[in-house]
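These are my notes from one sitting with a single structure. I looked up a few residues, then the cores, the aromatic pairs and the pocket.

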Amino acid sequence: METITSRKNSRVQALRALGRDKAYRREQGLFLCDGEKLLSEALANGADIAEIYLRGAKPAGNMPEVPVYSLSEDVFDYASPLELFTVRAKPLPERVRPDRVIVLENVQDPGNVGTVLRTAAALGTELVVLLGDCADPYNPKTVRAAMGALFRQRLWETDLATLCAKLREWELPLCGAALRAESVDVKCVSLRRAAIAVGNEGRGLTDALLEKCDTKIILPMTPGSESLNAAVAASILMWEMWTQRG
């Protein structure tokens, strides 16, 4: 185990970049996680752990066979108080063929994206798709909100045209959650095999995505209610898919 005591150390600088820079995370194919609970989740789910960073401590038992570094207290805090280990991001498997998909478009809050990932993993939603200006799923705030779901939940960041081509290949209808006159109560729509799109709370789904939808759906609410938090709406819709599963 190597001990690091300098803030100028290249690994410390890399940790700071991973915590702050989305482009750097993509370039390295790594994201940051913190805490013993997440490390346990990562190990239990076979995550590809790259490195472990400890706060002035010696490795405990059951550590994976990866490089382990001990950072002095001040260097650890300088790198980030959140960071403990790095994980390699997984690409979408080529042969994946999901039955239940949740699509987020322009959902910018990391907490909402993390919550959707966590709920998707719990409710058997086989794929979470991020379109447009969504929060980075590998942002440390998103990772914390996902509570380990990134280690077991399939995730795909793509564009609308590519998504639509895949949905045709998978023979999945696209349903858009929208406050439109033509929207159908979600309870009247078959969601046994479907992709459901949820948009930004303020603006909803874009017209471009709505034009691609086979059906527009709505969650019935009490009069005077305009919308739900994106993560809450997505969670309810995933529950509806879960209850209709074959």
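**Entry 1: a residue in helix 1**

I started with Arg 16, which is found in helix 1, residues 10-20. The model is a predicted one, and I read every value below with that in mind. Is Arg 16 buried or exposed? I looked up its relative accessible area and got 15%. Buried means under 20%, so Arg 16 counts as buried. I then listed its contacts, skipping residues up to four places away in sequence, and found Tyr 78 and Ala 79.

**Entry 2: Ala 194**

Next I went to Ala 194, which lies in strand 11. Its relative accessible area is 0%, so I put Ala 194 down as buried. What does Ala 194 touch, not counting residues up to four places away in sequence? I noted Asp 99, Arg 100 and Val 101, then Leu 172 and Pro 173, and finally Met 241.

**Entry 3: Met 238**

I moved on to helix 9, where Met 238 lies. Met 238 has 0% relative accessibility and is therefore buried. Leaving aside neighbours within four places in sequence, I found Met 238 in contact with Ile 102, Val 116, Thr 119, Ala 120, Leu 123 and Thr 125. I also took one C-alpha separation here: Met 238 and Ala 146 are 92 residues apart along the chain, and their C-alpha atoms are separated by 16 Å.

In soluble globular proteins, nonpolar side chains tend to be buried together. I looked for such groups in this model. The largest nonpolar core has 49 residues, and Phe 85, Leu 104 and Phe 151 touch the most other members. Which element gives the most to this core? Helix 9 does, with seven residues. I recorded another core lying apart from it, of 21 residues, including Leu 131, Leu 163, Cys 164 and Ala 197.

**Entry 4: aromatic pairs**

I searched the whole structure for aromatic pairs and found four. I wrote out the pair of Phe 31 and Phe 151: the ring centres are 6.5 Å apart and the planes stand at 20°. I checked burial for both, and Phe 31 and Phe 151 are buried. Phe 31 and Phe 151 also form one aromatic cluster with Tyr 138.

**Entry 5: the largest pocket**

Last, I looked at the largest pocket, whose volume is about 420 Å³. It is lined by 24 residues, and the closest to its centre are Ala 177, Ala 178, Leu 179, Gly 204 and Ser 227. Which elements give two or more residues to the lining? I found strand 11 (194-199), strand 12 (215-218) and helix 9 (230-243). The largest share, three residues, comes from helix 9. I sorted the lining by residue type and got 14 nonpolar, six polar and four charged.

Conventions:
Residues are numbered from 1 along each chain as its sequence is written. This is a predicted model: local features need pLDDT of at least 70, side-chain atom pairs count only at pLDDT 80 or more; totals for chains, interfaces and linings use all residues. Side-chain values use heavy atoms; hydrogens and water are left out. On a 1 Å grid over the protein atoms alone, a cavity is a set of points where a 1.4 Å probe fits but cannot get out, and a pocket is an open set with protein on both sides within 12 Å along at least five of seven lines; lining residues have an atom within 4 Å of a point. Grid points are joined across faces, edges and corners, and a volume is the space filled by probe spheres set on the points. Helices (H or I, at least four residues) and strands (E, at least two) are DSSP runs, numbered from the N terminus. Ala, Val, Leu, Ile, Met, Phe, Trp, Tyr, Cys and Pro count as nonpolar, Asp, Glu, Lys and Arg as charged, and the others, Gly among them, as polar. A nonpolar core is a set of buried Ala, Val, Leu, Ile, Met, Phe, Trp, Tyr and Cys residues joined through side-chain atoms within 4.5 Å. Buried means under 20% relative accessible area, exposed over 50%, partly exposed in between (1.4 Å probe, protein chains only). Contact means heavy atoms within 4.5 Å. Rings of Phe, Tyr and Trp (its six-membered ring) pair if their centres lie within 6.5 Å; planes under 30 degrees apart count as stacked, over 60 as edge-to-face and the rest as tilted.
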